[in-house]
Structure formats: C-alpha cells, structure tokens
Amino acid sequence: MPIDRTHPDDRRPFVVLIGLPGSGKGTQAARVADRYRIPHISTGDILRAAVRAGSPLGQQVAATLAAGGLVSDDLMTDLVRERLARPDARSGFVLDGFPRTVVQARALDEMLAATSPAPPPLIVILVAVADEAIVRRLSRRRVCASCGIPQSVSEDSEPLSEPCPYCGGSLVRREDDEPATVRRRLATYASFAGPITDFYRVRRYFASVDGLRHPDEVTAALCAQIEHFLGESSGGSDP
Ligand code: AMP
C-alpha cells in the first residue's frame, strides 16, 4: 500500500477506533471520515454487504455473523489488506471494527510498515462505554430497511410503530442486535477488548474518549484528540 504523501492536505489521519459493539464508534467513525475526507472502513459493514450479496466471502462468514462469533484473523487480515491497498486509503482512513485481536493489530502494523520507511503514525482511540449502557443502547438500535440509516428508537418494542424519520421506511432490528446475540457478542468482544486495549494503550498516539456523552460532544472530543496527535506527530512514526 504506497502512502500518498504528496496530497496537499497531508493532515489527514490514519485512525483506528476501538470500542464495544454499540459504543457509537460506527457513528463516530463516519463523522471523522467526513470531517477529514478519508474513507470509513467498517469491517462489519463489508461483511454484512458480502452476506447480503451472497458472495463466496458472504457464504463463508454468514453463520459466524449470525451467531455473533469472530471471523478468522487470516480472513480479516486479507480483507483489510486488500481494502487498504485501494487508492482512497493511501492518505488516511478510519478503521472501525478492525483490529479486534492482537494478531490483527500486529498484522495492521506490518501493513503500515510495508508502506514506506516512515509509516504514518497510527492514531488509536478507544470510545469507552460501560457494558450495561451498551445492552440498553443495542436493544434500541434499528436500521431502516429502505435507506439503511441506523437510528435509535425510544422503546425496545417489537414490532415497531415508528417509521424512519428520514424516508418513512420501516425500522428493523439487525439480526445480531437480538438481545441473546448481543450478550454473546459482548462476551466475545470482552475476551479480546482487554488485550487489544492493552496492546495499544502504551502507544504515544493512543487516547480514550468518554462515549456516553451526547454524540456531538463525542465527535468534538475525538476530533480535538486527532488534531492534537496530528500536531504532535507532524509526520513522525509510532513506536
Ligand atoms: P461489527 O459491525 O463491527 O459489530 O461486526 C459485526 C460482525 O462482523 C462481528 O460480530 C463479527 O462476526 C464480524 N467482524 C467484524 N469485524 C471483525 C474482525 N475484525 N474480526 C473478526 N470478526 C469481525
């Protein structure tokens, strides 16, 4: 993945957002991507699209996704390596959902190290939210079946009476947001969240933001942190 350092706006960051499912990191990743005009790379979205399309990848991972398990490190690493090799990811990206394991995190370091003798600094931000808040949030999360915009409904009721506020379509629950699957996803994630947070915590460009605040405040905190790291790094490499 050759890094494009000639772009006039070289203050574009290479960001990894980590956090539990339901921490709001997907929403935040999309906002950061917009702000810096860099691609938002969500491995969950890529895998769900593959399942919907019925591609060979989709057929391979469908059962794992439905059960809330983790797709293999090899498969995920290949998928992300391929995605990061695309031209739009050369001058920055926001990774959302990857890495999830230390093996994946090491693979990402190798991918970046292979780009140039001075790889871009990787900014890692943890969107911190307590478990109980996550279960509450995910039980209220719905996705519009027509426009695909995720949103939160006022009550955990099924079936739903509220239409999509953007297009009037019907709001549906993601299959893996069913309460039993949420609990399994959280348990799966928790067994990896500690090690991956520990892996990154010692880095110079690691920070944690409180994800329980209003989404606009979380975005402001994230962008302030990214600006701070961009200013500090001025093109240097992470240890
Ligand atoms: P997410 O939308 O990030 O919660 O991802 C949805 C599902 O995709 C997860 O529950 C996993 O089954 C799978 N998945 C996404 N990213 C990864 C990853 N980096 N490693 C393993 N499995 C993943």
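A charge is taken to sit over a ring when NZ of Lys or CZ of Arg is within 6 Å of the ring centre and within 35 degrees of the ring normal. In this predicted model, Arg35 lies over the face of Tyr36, at 4.5 Å from the ring centre.

**Aromatic pairs**

A pair of aromatic rings is described by the distance of the centres and the angle of the planes. The structure has 3 aromatic pairs. One of them joins Phe14 and Phe93, with centres 5.2 Å apart and an angle of 90° between the planes, an edge-to-face arrangement. This pair links distant parts of the chain, since Phe14 belongs to strand β1 (residues 14-18) and Phe93 to strand β3 (residues 93-96), 79 residues apart. Phe14 has a relative accessibility of 6% and therefore counts as buried. Phe93 is also buried, at a relative accessible area of 0%.

Phe199 and Tyr200 form another pair; their ring centres are 5.2 Å apart and their planes stand at 80°, so this pair is edge-to-face. Both Phe199 and Tyr200 are buried.

| Pair | Centre to centre | Angle between planes | Class |
|---|---|---|---|
| Phe14 and Phe93 | 5.2 Å | 90° | edge-to-face |
| Phe199 and Tyr200 | 5.2 Å | 80° | edge-to-face |

**The sheet of β5, β6 and β7**

An open sheet is built from 3 strands in the order β6-β5-β7, with antiparallel pairing. Strands β6 (150-152) and β7 (171-172) are the edge strands, each pairing on one side only.

On one side, β5 (residues 141-144) pairs with β7 over 2 bridges, in the antiparallel sense. Here Cys144 stands opposite Leu171 of β7, and Val143 has Val172 of β7 as its bridge partner.

On the β6 side, 3 bridges join β5 to β6, and the two strands run antiparallel. Val143 stands opposite Pro150 of β6.

Key. Residues numbered from 1 in each chain as written. Predicted model: local features only at pLDDT ≥ 70, side-chain atom pairs only at ≥ 80, totals over all residues. Heavy atoms only, no water. Phe/Tyr/Trp six-rings, centres within 6.5 Å; stacked < 30°, edge-to-face > 60°. Helix = DSSP H or I, 4+ residues; strand = E, 2+ residues; numbered from the N terminus. Buried < 20%, exposed > 50% of the residue type's maximum accessible area, 1.4 Å probe, protein only. Pairing = 2+ DSSP bridges.
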